[in-house]
Amino acid sequence: MKPTTRPLLLLFVALCLGPGVQAQFVTYSNDFLNIGAGAAGLAMGGAQVSSVKDATAGYYNPAGLMGVKDKPDFTLMHAEYFAGIGKYDYAAAAFPIDDGKRVLGFSLLRFAVDDIPNTLYLVNPQDGSIDYNNIQSFSSADYAFLLSFSQMVKETSAGRLSVGVNTKIIYRDVGSFAHAWGFGFDGGIQWLGNKGGSFGIVAKDITTTFNAWNFSFTDEEKQVLYLTDNDIPVKSVELTAPSLIVGGSWLFHLGRKATLRPAIDLDVTFDGMRNTIVSSNPVSIDPHIGLEAGYKDIVFLRFGIDNFQRALADGDTLNQRRVWIYQPSIGAGFKIKFVTIDYAFTNLANQSDPLYTNIFSLKFDLGPLPKK
């Protein structure tokens, strides 16, 4: 977006939301959209921008939807994080249109944490007494709907060049206290080579995605917040800065039946210093590395590493020694006629107390569309 256009957009958003609204960039805004999608992609550490060519392309790179040329494609996934505390569900569908020259995609994501204790009335503000019977529970859930469109730019004997765009609608809900609506766009380009090499670029939140938050508290809840020295939030606008993902992969043929595809993606952010391998202000770079081995396009083994961070070493009582940690993953896939079953096993922290997660997804190819 041109520098002169972006301030006008932010001013328009602020005027639409009314007076008293505060707008600010948040470094990890809408971070639930960065978890990944589909067990196949998650097993490869999310390195999918250059090679994805099924319904999950609506999430990773909308230009990759052109891989769904002859028949509709459907994907379902479920995962539970932190011993079942966080539940993540994903569904996607892709439909070829205009004789396969274009593809329309739909994706729905939900990440939720249920049974969160509401301790607002735990302490009596009058005498300081504690009553555990006053604890109630609520849920916090994030939803995203992606409407994706992909179109062929050029197809030759060397490969296929396609472009794609996402329209994102976001809804976030925190019990009865707060909810937010958001809106944004992504754009992508993919070159899928027939001789091995593939390349992809995705520009995320290209118009600066926003979440408009509204808060709802009863008079009694406001009084408790006031008496316990808590701030009472007001309307606000949470902004997500644009970012870039650049990826490449190469498909090696090991004889006639086996294949090997290494892939790497680089997440490039521009919203300040992050805890990543390349960390600077304002640019930070976070790599995703993946490897897929296939046999007859029926059986697959996958490996991946991502989420590199510097953290305090376990056992360092002085909290002075920092080490690199990362998120490893491994998985497998098996295709039976029109059904593909994918599995991923990940570790959210590879120090002394790892957090293991099992992820399953199903993909369905329902057959060619009827000819007109």
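Buried means under 20% relative accessible area, exposed over 50%, and partly exposed in between, using a 1.4 Å probe and protein chains only. Keep that scale in mind and select Ile336, which is partly exposed at a relative accessible area of 46%. Ile336 sits in strand β17 (residues 322–336); strands here are DSSP runs of E with at least two residues, helices are runs of H or I with at least four, and both are numbered from the N terminus.

Before moving on, a word about what is on screen. This is a predicted model, in which local features need pLDDT of at least 70 and side-chain atom pairs count only at pLDDT 80 or more, while totals for chains, interfaces and linings use all residues. Residues are numbered from 1 along each chain as its sequence is written, and side-chain values use heavy atoms, leaving out hydrogens and water.

Now colour by pLDDT, the predictor's confidence in each residue from 0 to 100. The mean for the protein is 84, and 86% of its residues reach 70 or more. Residues 1–21 have pLDDT below 50, and this stretch has 20 contacts in the model beyond near neighbours in sequence; a contact means heavy atoms within 4.5 Å.

**The surface patch**

Next, pick Thr340 in strand β18 (residues 339–347). Thr340 counts as buried at 5% relative accessibility. Beyond four places in sequence, its contacts are Phe334, Lys335, Ser361, Leu362 and Lys363.

**The nonpolar core**

Which residues touch the most other members of the largest nonpolar core? Select Leu42, Tyr81, Tyr88, Tyr90, Leu109 and Ile359, out of 30 residues in that core. Such a core is a set of buried Ala, Val, Leu, Ile, Met, Phe, Trp, Tyr and Cys residues joined through side-chain atoms within 4.5 Å. Strand β3 gives the most to this core, with 4 residues. Zoom in on Leu42: setting aside neighbours within four places in sequence, its contacts include Tyr60, Met77, Tyr81 and Ile359.

**Salt bridges**

Side chains of opposite charge can pair when their charged atoms come close. With a salt bridge taken as a side-chain nitrogen of Lys or Arg within 4 Å of a carboxyl oxygen of Asp or Glu, the count comes to 10.

Start at Lys168, buried at 4% relative accessible area. Lys168 forms a salt bridge with Asp186, the closest N and O atoms being 3.2 Å apart. Asp186 lies in strand β7 (residues 178–193) and Lys168 in strand β6 (residues 159–174), so this pair ties together parts 18 residues apart in sequence. Asp205 also forms a salt bridge with Lys168, with the closest N and O atoms 2.5 Å apart. That pair spans 37 residues, with Asp205 in the loop between β8 (197–204) and β9 (209–215).

Then select Arg302 and Glu292, whose closest N and O atoms are 2.7 Å apart in another salt bridge. Both Arg302 and Glu292 are buried. Finish at Asp142, Arg172 and Glu238, which are linked in a network of salt bridges.
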